[in-house]
There are 2 protein chains.
Amino acid sequence: MVKRTSFEGDSCPIARSLEAIGDWWSLLIIREAMLGLRRFGEFQSKLGMAKNILSARLRSMVDHGILTTAPASDGSAYQEYVLTPKGRGTFPILVALRQWSEEFDDHPEEIATILVDSDKGRPVRKLELRAQDGRLLSPADTMLKPRPAPRRRSA
Amino acid sequence: MVKRTSFEGDSCPIARSLEAIGDWWSLLIIREAMLGLRRFGEFQSKLGMAKNILSARLRSMVDHGILTTAPASDGSAYQEYVLTPKGRGTFPILVALRQWSEEFDDHPEEIATILVDSDKGRPVRKLELRAQDGRLLSPADTMLKPRPAPRRRSA
DNA sequence: GCCATATGGTTTTATGATGCAACCACACAA
DNA sequence: TTGTGTGGTTGCATCATAAAACCATATGGC
């Protein structure tokens, strides 16, 4: 088989995420959904992507529990695609991608938008990773530990 | 042309990130590099990916300034691939992907590792997005604003 | 009712990307 | 010289993607 290697059974959580949203379009669809788009045609015209691909992606994300199809909203017999909590949970990923571009892109002047807090209208801070006790952590301050084995008996 | 649509000129910072690291393998390669892998063979055997694909990805990431080729280190006439600051800057993206799996994956018991702070050995907190004044922000507390036009004259 | 048009897709077909295996180049060792 | 390991490149089969055509169901005009 040549089967574009699936990460489904992989034990790495990053690989598992990529399995669901690691393709070209999914995160952009989620981004648009986060901004309020709901209808097939809206996504299609906004993103300019092929309709068959959009169709496949939407279905895949529905299967993964990232989107749900809501029956209507304006009566028009069609369905809408709305984010589930799992879908909205990708927000930090989108922000991280955005901030990475803002910080390291070779042509940051081409970036058209900035993310601000809607209350004050000022740019948000960089995402920060903290320890349980609140210390700010850099990559070097972290390490991976094997997950404790699930206790079978006393669950 | 069918040319797998490039996001290179896109003004959306998320699309721009995906252009560089939005494919199947790049983030996994970066993850391994973050853990200390450096040599072609190490990546290849650890990730189990085809050598030609690895070769293409490494070259692409070098072109994007995410990796650099260092001439040696153990004398063996070959080169090593090490992360640049831009490459290390993807850390929050990896953490965000990891945490999304941890929170929403259907089979979280299959996730083998947890990210801890190396000082205390305790799991890290969730990534948090804050406003300039320190308020914790949810997706709904944020909005996108057009970037202020670059002033040509008084730069 | 009848035709035109918009929406929301699916099907068809062509090409680029990926996966695998084979091959090549180089370094080093026996 | 031959052998072996590393670091790739090349060919070919298959998969995914893109573009466009096609289809089904409303909606609107007449």
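In the predicted model, B:Ile21 is in contact with residues of both chains once its neighbours within four places in sequence are left aside. From chain A, the partners are A:Leu97 and A:Trp100. From chain B, they are B:Ser26, B:Leu27, B:Ile30, B:Ile66, B:Thr90 and B:Ile93. B:Ile21 also belongs to the largest nonpolar core, which has 78 residues. Within this core, the residues with the most contacts are A:Ile21, A:Ile29 and A:Ile66, together with B:Ile21, B:Ile29 and B:Ile66.

The interface between the two chains was then examined. The size of an interface is often given as the accessible area lost when the parts come together. For chain B and chain A, the buried area is about 8,100 Å², with 64% of it on carbon and sulfur atoms. Contacts link 81 residues of chain B to 82 residues of chain A.

Twelve salt bridges are counted between chain B and chain A. One of them joins B:Asp117 to A:Arg135, where the closest N and O atoms are 2.6 Å apart.

On the side of chain B that touches chain A, two or more residues are given by each of the helices α1 (13–21), α2 (26–34), α5 (85–88) and α6 (91–104), and by each of the strands β3 (113–117) and β4 (142–146). The largest share, twelve residues, comes from α6(B). By class, this side of chain B has 42 nonpolar, 16 polar and 23 charged residues.

Methods
Residues are numbered from 1 along each chain as its sequence is written. Chains are lettered from A and ligands numbered from 1 in the order in which they are written. This is a predicted model: local features need pLDDT of at least 70, side-chain atom pairs count only at pLDDT 80 or more; totals for chains, interfaces and linings use all residues. Side-chain values use heavy atoms; hydrogens and water are left out. A nonpolar core is a set of buried Ala, Val, Leu, Ile, Met, Phe, Trp, Tyr and Cys residues joined through side-chain atoms within 4.5 Å. Buried means under 20% relative accessible area, exposed over 50%, partly exposed in between (1.4 Å probe, protein chains only). Contact means heavy atoms within 4.5 Å. Buried area is the accessible area (1.4 Å probe) that two parts lose on being put together, summed over both. A salt bridge is a side-chain nitrogen of Lys or Arg within 4 Å of a carboxyl oxygen of Asp or Glu. Helices (H or I, at least four residues) and strands (E, at least two) are DSSP runs, numbered from the N terminus. Ala, Val, Leu, Ile, Met, Phe, Trp, Tyr, Cys and Pro count as nonpolar, Asp, Glu, Lys and Arg as charged, and the others, Gly among them, as polar.
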